[in-house]
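Good morning, and thank you for coming. Please look at the sequence and the structure on the screen, and I shall go through them part by part.

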Amino acid sequence: MSMIFRQSQANKVSKEEPKKGSSPMNSSATRKPSEPLKFVDPVFTLKDVAVSYGDFVAVSDVNMQIPSHDITAFIGPSGCGKSTLLRTLNRTNDLIPGAKVHGSLFYHDADLYHPSASAVEVRRRIGMVFQKPNPFPKSIYENIAFGPKVNGRPKKSELDDIVEKSLKSAALWDEVKDRLNESALGLSGGQQQRLCIARSIAVEPEVILMDEPCSALDPIATLRIEELMAELKKQYTIVIVTHNMQQAARVSSYTAFYVTEVNLTSDRRTGKLVEFNETKKMFSTPDDERTEAYVTGKMG
Amino acid sequence: MATTSTSLQSRVSLDRRIKDFTFTTFLSISIVASLAFIFYIIYRLYNNAGFLLSWDLVTFFPSYDIDTAGFQSSIMGSIWVVGFATLFAVPIGVMTALYLEEFAGKRNRFTALLELNIQNLAGVPAVVFGLIGLAFIARGPLSWGFTVGSAAIVLAMLILPVIIIITREAIRAVPPSYKEGALALGATHWQAVSKLVIPSAVPGTATGTILAVSRAIGESAPLLLLGALSFVTFNPTGLDSGFTILPLAIFKYASDSREEFQVLASAGSLILLAILFAMNLFAILLRDYTLRKRNI
Ligand SMILES: Nc1ncnc2c1ncn2[C@@H]1O[C@H](COP(=O)(O)OP(=O)(O)OP(=O)(O)O)[C@@H](O)[C@H]1O
Ligand SMILES: [Mg+2]
């Protein structure tokens, strides 16, 4: 599969103002348990999505919508396909040889996997923060400036502004403003991760995907990132994968719980979406007993 | 002494310790032996010809008169030939490596064939490249004659596989997270490669290339076939110039029946060794410097 398509008109998304802090059109109070959550102008709409690596189906039958300007958490036991699914949301999975996406996956009203959709353009709009902080071996300034530079030719003064604004949004400015030209590799792990968040903010994406962004950090650094996320959700849509139940409960408004189910045809296991609900409900009175077992620590 | 539960005595068995000791001793002996050998050669050369070391040695041209005989034209010849060989081989080698690592995509027959060929080329004896150069470059289709250009092409062929292999290693050593990070910001594949992968691979490539080139300086067999073993009393002036090289100038003096010229050959060997040491030292310093410098 070829990976990078040029940007196409077909993929341009209308820039209409999304409703901030969308609430579901059918909240759990009025909805039958089997009915999926629906939102006004969701950022992502997944229909019968399955992802496979070669012959192996890693995750299948995913139907869900992800609301804008809010935080959605993916939880579930190891290997249930959380990272896989997250990567398909910005076409990072394209880069893995043999990976294939089935079903339909819409970003607003644009088909993410339409042949004319450009993966490069998709990734500019949908940023990603990785599990291990991965600053470039460049200065702090150049790390932030990298995204704007590859996406255009900003003037020096514009870049200066972007760098300052992004670092401020990521709550890192005060700590690094006197050493912008020093290597980013000299920062602490928590600072590096905030730098990576600042770096993705710098290209002004609409969505930030985070795959276990705090798993390499200590509790204090974790708390800072969580506060940061709460701040960021005013402007960005965030999808976070986490193994930390308290974290999911603290930061997210909606939670999707996945499990692995044994295949009848092979001994490999396939990930399935068990339940997608308001986080409050997921952690108090979930619809599915497997969710309850998992969040209370009786499973996984 | 009673063995308590907090005993810090080694619990590794005697048998293991003997094995460890034997192995360490064997390693140390090997290192000492190879170093001793090198120092012995240098000592002998210096003892033999040290008194000859002076600028005259590098400023005088070859001569039948021992009082005015030196190595200038062969040193310049080596610099010209090896310089152009590097100029030819590095761009082709680096681009081949970049293609194979970053753009060839999935392994297919073509890339497998290419890889097999590169491995094979690296193992081909140098003199075979000399024969190819003689048949196809100096004579045959290209007919460039016994010139700096012909010699540079032959040496380029010789170091090309090494440069490709070294560059691929250097590219593979770049953490994949750099590329992932760049792509996640909306960079194209080429932007990620040119702005992060290539700059990160430069130090490794440069160090390896210097080592490959320093091998090429000492190489004499292939150029023997390209007429480098001649009495050349002028420096090269271009790619079409005739030439000789330092190792062969040494060989020529050493095969002279007069003893003074054999001593002169020893002095030439000292110059060659000095050049090689200087290049290797430079490669090491470059590596250390780039390791210390964290930003690209
Ligand atoms: N690059 C790959 N190639 C082949 N199989 C893969 C690849 N990446 C993941 N898988 C498989 O897909 C399944 C889902 O993996 P994934 O990494 O998405 O799980 P996860 O839910 O993120 O797990 P974790 O919580 O441990 O991070 C696993 O069975 C895994 O072995
Ligand atoms: Mg994962």
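Strand 4 of chain A is joined to strand 5, residues 110-111 of chain A, by 2 bridges, and the two strands run antiparallel. Please keep in mind that this is a predicted model. Within this pairing, A:Tyr107 has A:Ala110 in strand 5 of chain A as its bridge partner. Strand 4 and strand 5 of chain A form a hairpin, with 2 residues between them. In that turn, A:His108 has a positive phi of about 50 degrees.

Strand 4 of chain A also pairs with strand 1 of chain A. Strand 1 covers residues 44-53 and strand 4 covers residues 99-107; 8 bridges join them, and they run antiparallel.

A parallel case in chain A is strand 3, residues 71-75, which 4 bridges join to strand 9, residues 254-262. There, A:Phe74 stands opposite A:Ala256 in strand 9 of chain A.

Next, the salt bridges. The count over all chains comes to 25. One of them brings together the side chains of A:Asp70 and A:Lys233, at 4.0 Å from N to O. Why does this pair tie together parts that are 163 residues apart in sequence? The reason is that A:Asp70 lies in the loop between strand 2 and strand 3 of chain A, whereas A:Lys233 lies in the loop between helix 7 and strand 8 of chain A.

I turn to the interface of the two chains. Here 28 residues of chain A are in contact with 19 residues of chain B. The area buried between chain A and chain B is about 2000 Å², and carbon and sulfur atoms give 66% of it. On the side of chain A, the residues that lose the most area to chain B are A:Pro137, A:Phe146 and A:Val150, together 27% of what that side buries. How many salt bridges cross the interface of chain A and chain B? The rule finds 0, while 3 residue pairs are in polar contact across this interface. Helix 2, strand 6, helix 3 and helix 6 of chain A each supply at least two residues of the side that touches chain B. By class, that side of chain A has 13 nonpolar, 9 polar and 6 charged residues.

Finally, chain B itself. Chain B is divided into domain 1, residues 15-52, and domain 2, residues 57-294. The C-alpha centres of these two domains of chain B lie 29 Å apart. Their contact takes 8 residues from domain 1 of chain B and 9 residues from domain 2 of chain B. Between them, domain 1 and domain 2 of chain B bury about 700 Å², 85% of it on carbon and sulfur atoms. In domain 1 of chain B, B:Ile42, B:Leu45 and B:Leu52 lose the most area to domain 2, together 62% of what that side buries. The count of salt bridges between domain 1 and domain 2 of chain B is 0, and the rule finds 1 residue pair in polar contact across their interface. The side of domain 1 of chain B that touches domain 2 divides into 7 nonpolar residues, 1 polar residue and no charged residues. Thank you for your attention.

Definitions and conventions: Residues are numbered from 1 along each chain as its sequence is written. Chains are lettered from A and ligands numbered from 1 in the order in which they are written. This is a predicted model: local features need pLDDT of at least 70, side-chain atom pairs count only at pLDDT 80 or more; totals for chains, interfaces and linings use all residues. Side-chain values use heavy atoms; hydrogens and water are left out. Domain bounds come from an automatic or database domain assignment. Contact means heavy atoms within 4.5 Å. Buried area is the accessible area (1.4 Å probe) that two parts lose on being put together, summed over both. A polar contact is a pair of N or O atoms within 3.5 Å; within protein, one must be able to donate a hydrogen and the other to accept it, and residues adjacent in sequence count only if both atoms are side-chain atoms. Ala, Val, Leu, Ile, Met, Phe, Trp, Tyr, Cys and Pro count as nonpolar, Asp, Glu, Lys and Arg as charged, and the others, Gly among them, as polar. Two strands pair if DSSP finds at least two bridges between them.
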